[in-house]
Amino acid sequence: MVQKMRSIWSYIATHYLDQFDYFHIGGDDMHVIVENMRSLLLEHESEPIDAREEGRIFGQLASKGSQALFLRGGAGYTIDRIGLKKLHEYMPKCSTKVHKPAEDNIITMCSRKVGLVLGDNRDSCTGQQRSHSMHPGVLSVARGISTSEFDEQLKFWGLLPHPTEKTVKVGMKIGFEAASNHSVTFHQLRYNSWFVRHHALIYRACPANTILGKLANRTDDSITEGGA
């Protein structure tokens, strides 16, 4: 995966660098909510010009053991044009002989070496995650993931300060609190039921007799039909 990702980024930089301002990468089981992605990028456009001139790469920050923070590849991550140009120029030195699946960790490491601004894309108002490396089934009922990994991420996100209110800690939540209304990507969206849960999490629309419906405690006529 490391060499595959190096090749993909190099191809994009060679053929499309001057055609777009931002580039997002992810697998075939990643779902992007385009209107929310557009809003996220507009937020980044309002950042101070100095930060934009350095080049930026952002997504869902993660921690694994003693390793440095990295951007999780399952949910995908976004890089701006300046950042991709710098990364492309460094590619001949970026782990050219590494053969392992942890491409997200390697790309993050190479991005650090060229001085890119590394940031998470959490909701600036609520602190909730906007990129989700777990599928909606996990986010809605907290199951389907190994206990060790789940606990590790809960602990990490629980220690992260709020994006704008630095004295507030925001951990990963379950149910409707799991995802921001402005979520950008979900990983592992393979089955119809997971698409339904994704819709329920984002738009708070789920029948009252389902798990998410009960969590939301909604019984009014605005609740849409369909399982979640």
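Q: Start with H5. Which of its residues are buried?
A: In H5 the buried residues are Glu103, Asp104, Ile106, Ile107, Thr108, Cys110 and Ser111. Keep in mind that this is a predicted model.

Q: What covers the buried residues of H5?
A: The cover includes two helices, H1 and H4. It also includes the strands S3 (56-59), S5 (70-71), S6 and S7 (117-120).

Q: And just after H5, which residue takes a positive phi?
A: Gly115, at about 80 degrees.

Q: Which residue has a positive phi although it is not a glycine?
A: Ser95, with a phi of about 45 degrees. Most residues other than glycine have a negative phi.

Q: Where is Ser95? Buried or exposed?
A: Ser95 sits in the loop between H4 and H5. Ser95 is buried, because its relative accessible area is 13% and the cut-off for buried is under 20%.

Q: Cysteines now. How many disulfides does the structure hold?
A: One. Cys94 pairs with Cys110, and their sulfur atoms are 2.0 Å apart.

Q: Right-handed or left-handed?
A: Right-handed, because the torsion about the S-S bond is about 95 degrees.

Q: Are those two cysteines buried or exposed?
A: Cys94 and Cys110 are both buried.

Q: What about Cys125, buried or exposed?
A: Cys125 is exposed, because its relative accessible area is 63% and exposed means over 50%.

Q: Switch to H1. How many residues does it have?
A: H1 covers residues 2-16, which is 15 residues. From first C-alpha to last it reaches 21 Å, close to the 21 Å expected at 1.5 Å a residue.

Q: Which H1 residues are buried?
A: Val2, Gln3, Met5, Arg6, Trp9, Ile12 and Ala13.

Q: Which residues form a nonpolar patch on the surface?
A: Tyr11, Tyr16 and Phe20. Together they have about 320 Å² of accessible area.

Q: Where is Phe20?
A: In the loop between H1 and S1. Phe20 counts as partly exposed, because its relative accessible area is 43%.

Q: Now charges. How many salt bridges are found in the whole structure?
A: Four. One of them joins the side chains of Asp21 and Arg81, 3.0 Å from N to O.

Q: Where do those two residues sit?
A: Asp21 is in the loop between H1 and S1, and Arg81 is in helix H4. The pair links distant parts of the chain, 60 residues apart.

Q: How accessible are Asp21 and Arg81?
A: Asp21 is partly exposed, with a relative accessible area of 49%. Arg81 is also partly exposed, at 31%.

Q: What about Arg130 and Glu43?
A: Their side chains meet in a salt bridge, 3.1 Å from N to O. Arg130 is in the loop between S7 and strand S8 (131-132), and Glu43 is in helix H2 (residues 34-45). They are 87 residues apart.

Q: Is Arg130 buried or exposed? And Glu43?
A: Arg130 is buried, with a relative accessible area of 3%. Glu43 is partly exposed, at 31%.

Q: Arg56 forms a salt bridge with which residue?
A: Asp80, with the closest N and O atoms 3.1 Å apart. Arg56 lies in strand S3 and Asp80 in strand S6, so the pair ties together parts that are 24 residues apart in sequence.

Q: Are Arg56 and Asp80 buried or exposed?
A: Both Arg56 and Asp80 are buried.

Q: Zoom out. How many helices and strands are in the protein chain?
A: Nine helices and nine strands.

Q: What share of the residues is buried?
A: Buried residues make up 47% of the 228 in the protein chain.

Q: And the accessible surface of the chain?
A: About 11700 Å², of which 54% belongs to carbon and sulfur atoms.

Note on methods
Residues numbered from 1 in each chain as written. Predicted model: local features only at pLDDT ≥ 70, side-chain atom pairs only at ≥ 80, totals over all residues. Heavy atoms only, no water. Helix = DSSP H or I, 4+ residues; strand = E, 2+ residues; numbered from the N terminus. Expected span 1.5 Å × (residues − 1). Buried < 20%, exposed > 50% of the residue type's maximum accessible area, 1.4 Å probe, protein only. Patch = residues over 30% accessible without salt bridge, like charges linked within 9 Å, V, L, I, M, F, W, Y side chains within 5 Å. Areas by Shrake-Rupley, 256 points an atom, 1.4 Å probe, with all protein chains shown as cover. Contact = heavy atoms within 4.5 Å. Disulfide = S-S within 2.5 Å.
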